[in-house]
Amino acid sequence: MNQPLNRSTTTRPGILQARRVVSSLVGLALLAIAACSERSDPVLHLEARGFLLVRPSVATVADDGTLTMTADLRDLSGKPMASPPEGAQLRWSSYSPAVAQVDGDGLSARVSGLQAGSTVIQVSLGSLTATAEVEVHATPSRVEKRGPDIALGMPGELTSHPPRVQVLDRHGSPVAGVPVRFDLTNGGGALANAVQRSDEFGFAETAWILGPDAGLQTVTASVQDLPPTEVFAFANGDTATATLIALTPQVARGTAGSSLGAPLEIRARDAAGRPLLGVPVEWSSSAGVILPSSPVTDIQGRASARWM
């Protein structure tokens, strides 16, 4: 009599063998996927293969200058790597683009200073990053006079206002720490300090003793590579002996309610006949209105007004 077959015992070796085949195929597939991933992402796990540096790590540049930075890629032993993995791209960026911009997509990049301040330049390669500190310093662009157009004083005495200038960059911002040289160029006299450094607001000044002669005197303020700036002072004679030269015109005609065609003018002179600057002049009339153009005499000792 035939015995029935035991399927559970007779088919088990085949099932086990099939499972082994399937497991092998899955393993091969996973290896193939991993290999493809390695090829499609050239910087996968790059931090396990090396590290990245930026040179120089600290740098300064003028606000109108440039400098070059380089990325230094090394393996874990510290040896330089000739190039990034194939297909990988270095990316450069600036934390503060208004202070400095960076332009580059390879191992080197150009950093351009724009305005005074500090920023950080970063380069990245996949998961690797490196940074460098950059300080942008202002460059003097011009020197401007500050204070009155013309200072006053007596011969051999200090001026009413010291010669004062301000150093500015190309954006109009003050530049500190810049040596400013003051020179006597007309009239003689003496300066307390020939060279002064600009302060935190860009100002520089020095005391000025006028020369012995009455009249216009001049000092120049200079910064290296920039044109000099003139500062003027006027040495008055003895104002206590000032005299006023006759009013002109002495006779004038006009229509009621309208101003005279020519302005009224007086001249102030010292005892030696030299013009006096800054002498106060008061105007008055028995009729009409006088409109002075200035309450004091100018550099030629003149003051004028219109009579209506």
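Colleague: How many bridges join strand 11 (residues 164-168) to strand 15?
Modeller: Bear in mind that this is a predicted model, where local features need pLDDT of at least 70 and side-chain atom pairs count only at pLDDT 80 or more, while totals for chains, interfaces and linings use all residues. Residues are numbered from 1 along each chain as its sequence is written, and side-chain values use heavy atoms, with hydrogens and water left out. Strands are DSSP runs of E (at least two residues), numbered from the N terminus, and two strands pair if DSSP finds at least two bridges between them. Strand 11 and strand 15 run antiparallel, and the number of bridges joining them is three.

Colleague: Which residue in strand 15 stands opposite Val165?
Modeller: Strands of a sheet pair through backbone hydrogen bonds, either parallel or antiparallel. Here the pairing is antiparallel, and the residue opposite Val165 is Ala204.

Colleague: What does the twist average from one strand to the next in the sheet with the order 9-11-15?
Modeller: That's an open sheet of three strands with antiparallel pairing. Strand 9 (142-146) and strand 15 (203-205) are its edges, each pairing on one side only. Taking axes as lines fitted to C-alpha atoms, with angles from 0 to 180 degrees between N-to-C directions, the twist averages 30 degrees.

Colleague: Over which residue's ring does the charged end of Arg164 sit?
Modeller: The test asks for NZ of Lys or CZ of Arg within 6 Å of the ring centre and within 35 degrees of the ring normal. Arg164 has its charged end 4.0 Å from the centre, and the ring belongs to Phe203.

Colleague: In what order do the four strands of the mixed open sheet come?
Modeller: Start from the edges: strand 2 (58-62) and strand 4 (91-94) each pair on one side only. Strand 7 (residues 117-125) and strand 8 (residues 128-137) pair in the antiparallel sense over nine bridges, with Gly117 opposite Val136. Put together, the order reads 2-8-7-4.

Colleague: Which residues make up the covered face of strand 5 (residues 100-103)?
Modeller: In a regular strand the side chains alternate between the two faces of the sheet. Strand 5 makes a hairpin with strand 6, four residues lying between them, and Gln101 has Ser112 as its bridge partner. Gln101 and Asp103 are on the uncovered face of strand 5, leaving as the covered one Ala100 and Val102.

Colleague: How many salt bridges does the count come to?
Modeller: The rule wants a side-chain nitrogen of Lys or Arg within 4 Å of a carboxyl oxygen of Asp or Glu. Among the pairs are Arg146 with Glu144 at 2.8 Å and Asp183 with Arg181 at 3.1 Å. The count comes to eight.

Notes
Buried < 20%, exposed > 50% of the residue type's maximum accessible area, 1.4 Å probe, protein only.
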